[in-house]
Amino acid sequence: MLDYLNTIFPVRYTVFGLSGFGLLLAIFSLVAFGEGAAVALLCLLLVGIGVFDLLQTRRALLRNYPIIGHLHLLLAYLQPAIRLDLGDSGRQATPFSRAQRALVVQRANGASELRPFGTALAVQAEGYEWLNHSTAPTRMDSHNFRLTIGAERAQPYSASVFNISAMSFGALSANAILALNAGAKRGGFAHDSGEGSISSHHRVHGGDLIWEIGSGYFGCRNGDGTFNADKFSNQARDPQVKMIELKLSQGAQPGCASVLPAIKVTPEIAAARGVPAGVDCVSPAAHSAFTTPLELLQFVARLRDIAEGKPTGIKLCIGHPWEWFALVKAMLASGITPDFIVLDGAEGGTGAAPREFTDHVGAPLEEGLLLVHNTLRGVGLRGQIKLGCAGKVTSAFDIARLMALGADWCNSARGFMFALGCIQSQHCHTGRCPTGVATQDPLRQRSLVVPDKAERVYNFHQQSLRALKELVQAAGLTHPGELTAHHVMRRTAGHQVKSLAQLMATPLAPGALLQDAFSPLPLVYQQHWPLARVDSFTLLN
């Protein structure tokens, strides 16, 4: 329905559109057909509903689609019963299931999460997972779980274990950025800028920022697209910027260049990125500031020095394992380590990406996280480097599971988009987002009321951490960082039950990769670790 409306209407049928037509129809009916009072009253009722929809601030969809938007809400309300009749549990991910989005919306609205009648999951099905509980559960006073990143640096950062993942201004609307940052400020968690750099909208509320720098060096670039240290210094030293994140690749389109078409490069976006307005904005596939693993780490150290000791790290989606091994070997050879690494899974989202890259390029988050976690253990660096991860995180169990596999914290992008009101219409790349989240259309984004959505962002974060606290208590622990792969169970083929620790490759012992014997190690290390080199991302001949 919304696809059709987006094609036919540019969302300009507001009070002067559908409601205005209703008013004219009502007047005509009263004048020409006195006996048609019922029709006139119905039209007046529609006018009233339309005006109310335009003035209310709770639902962005109704502000953009007065009256007709109620049909979408009605279908959403009836959907569980319809799907039940059709044998659909509502858990089919497209790419997120109705149940996943409903959980986020409930938490964002502060609604009750209690449910009757037991789980709707098929607990006997292959792939079903659960957290083992303790007969001696713990009690904690706070759900404000934090960790220190860059403890040895001049300006370490105390981060929440749950933060907003990278989403750029340009991909998201100004109002969406304002609401996200206001929610982050109130909740004391971090807001990743995305590679589109820091806009004026990021600064209004003063929430903690992680400045992501991609291959386009937006916000710190010369006219030819190369890195500019002076421009970087001006922003990196701002107290609102807590960490610097150098993006090597992202899960949705790893190894792929991207272009923001000239028509979308508005003066606001151009100012944030440091590019000319009305000209194609290119983000190259590769960085120009370095070409080898050693040069990459030297660039990380340079950024950290210019930022006066703020934690500086890298973000990537794992591709060729030998390239990751080369980077780790360069850490050992140079003594330079990033303060953190953020792993993005191939299941990650984006505003627009080629189908083949979305579906078939890059390692999924679980495989990438395990490889990075184990490799750092194998060289004795795991304690120095914190690991964050992002990839379809919407629930407290998602957070607990990833932390059990080795993550120190989790980020969520689409989860917080749902909290803003995203209905997964998948029009992010067209600029016709029906709820004002992923658009630069001033009328469409006007529907997203910042104070209301900031409250929803804050609620989603708080309720998710409260649920995480209950899971950790049930497991008999005192912090989610104590979770391990032994705590999470999975039903496998043949109705066998194994912990994730049993299913995953044997964890590398600390220092295992520093030995000369590789035969006892998993095959990926036997094949690629000896051939990885610090001076190139290619294998030794």
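This is a predicted model: local features need pLDDT of at least 70, side-chain atom pairs count only at pLDDT 80 or more; totals for chains, interfaces and linings use all residues.
Q: How do β6 and β7 pair, and over how many bridges?
A: β6 and strand β7 (residues 241-247) are paired in the parallel sense, with 5 bridges.

Q: What about β5, how many bridges join it to β6?
A: Strand β5 (residues 191-192) is joined to β6 by 2 bridges, and these strands run parallel. In that pairing, H191 stands opposite L209 in β6.

Q: Is β6 buried or exposed? Why is it described that way?
A: In strand β6 (residues 209-213), 5 of the 5 residues are buried, so the strand is largely enclosed by the rest of the structure.

Q: Which residues lie on each side of it?
A: L209, W211 and I213 are on one side of β6, and I210 and E212 are on the other; all are buried, and both faces are covered.

Q: Changing topic: at what angle do α12 and α14 cross?
A: The axes of helix α12 (residues 321-334) and helix α14 (residues 365-378) cross at roughly 35° and come within 11 Å. The crossing of α12 past α14 is right-handed.

Q: Which residues meet there?
A: From α12, P321, W324, F325 and V328 meet L371, V372, T375 and L376 of α14. By class, this contact comprises 7 nonpolar residues, 1 polar residue and no charged residues.

Q: And the chain overall, how many helices and strands?
A: The protein chain has 20 helices and 15 strands. Of its 541 residues, 52% count as buried.

Methods. Residues are numbered from 1 along each chain as its sequence is written. Side-chain values use heavy atoms; hydrogens and water are left out. Helices (H or I, at least four residues) and strands (E, at least two) are DSSP runs, numbered from the N terminus. Buried means under 20% relative accessible area, exposed over 50%, partly exposed in between (1.4 Å probe, protein chains only). Axes are lines fitted to C-alpha atoms, for helices over the stretch in contact, and angles run from 0 to 180 degrees between N-to-C directions. A crossing is left-handed if the near helix is turned anticlockwise from the far one by less than a right angle, and right-handed if clockwise. Contact means heavy atoms within 4.5 Å. Ala, Val, Leu, Ile, Met, Phe, Trp, Tyr, Cys and Pro count as nonpolar, Asp, Glu, Lys and Arg as charged, and the others, Gly among them, as polar. Two strands pair if DSSP finds at least two bridges between them.
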